[in-house]
Amino acid sequence: MHICFEATDNFPFSSLILCKLSSKGNNISLIYLGILSFITGISESLPVIIIVPFLTVINNPEKIWEISFFKELSLSLNINSPQDLLIPFLLIFIFVILINGYLKIFSTKYKNNVKAGLGHELTTLAFEKLLYSTYEYQMRIPSSKNINDFNEAIRKCIIYISAFFDIAVASLS
């Protein structure tokens, strides 16, 4: 993994060009993030899917009772009347909402951790590149300008990485 950047007269050091950002840990984290985003996307559609049966149980439980699958399942769970279906459906609905909320929070936290890890690695590599730059380069450009340009370039990279993650997560949801 390495970063190459070049200082030009117009944008000294701020033209940070990412050649490769693919350490093994980052690749694994990105794969996990993709899988987690896919699972979160599926879990976000479940409340929409089960709202119709839930509302049907609230308004007209006999309609659900007429479906042979639900009737057999209810009888095997010792639910003997259509009116008794409300509590299990309510519990299932609440469970799905809670799981969906937990996955959304965990996915957001994990995405932010991956962004922070990439930002840290990017910062470390870019700062190392600055430290090992030639003496002529160090003398030609003031250190305050180097640090300011360095921070600005890293900030922009983190913003781009964040936008990329947001687009990827939104497309999987």
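Q: What makes a group of residues a nonpolar surface patch in this predicted model?
A: Patches are made of residues with over 30% relative accessible area and no salt bridge, and nonpolar side chains are joined within 5 Å. Such a patch, of about 860 Å², is made by Ile28, Ile31, Tyr32, Ile35, Phe38, Ile39, Ile42, Leu46 and Ile49.

Q: Why is Leu46 called partly exposed?
A: Partly exposed lies between the limits of under 20% for buried and over 50% for exposed. Leu46, found in helix 1, has a relative accessible area of 35% and is therefore partly exposed.

Q: Why is the contact of Glu44 and Lys104 called a salt bridge?
A: A salt bridge needs a side-chain nitrogen of Lys or Arg within 4 Å of a carboxyl oxygen of Asp or Glu. The N to O distance here is 3.1 Å, so the pair of Glu44 and Lys104 qualifies. Glu44 lies in helix 1 and Lys104 in helix 4, so the pair ties together parts that are 60 residues apart in sequence.

Q: What makes Arg155 and Glu152 a salt bridge?
A: Their side chains meet at 2.5 Å, N to O, and the cut-off is 4 Å, so the pair qualifies. Both residues lie in helix 6, three residues apart, about one turn of the helix.

Q: How do you know whether Arg155 is buried or exposed, or in between?
A: The value for Arg155 is 42%. Buried means under 20% and exposed over 50%, so Arg155 counts as partly exposed.

Methods. Residues numbered from 1 in each chain as written. Predicted model: local features only at pLDDT ≥ 70, side-chain atom pairs only at ≥ 80, totals over all residues. Heavy atoms only, no water. Patch = residues over 30% accessible without salt bridge, like charges linked within 9 Å, V, L, I, M, F, W, Y side chains within 5 Å. Areas by Shrake-Rupley, 256 points an atom, 1.4 Å probe, with all protein chains shown as cover. Helix = DSSP H or I, 4+ residues; strand = E, 2+ residues; numbered from the N terminus. Buried < 20%, exposed > 50% of the residue type's maximum accessible area, 1.4 Å probe, protein only.
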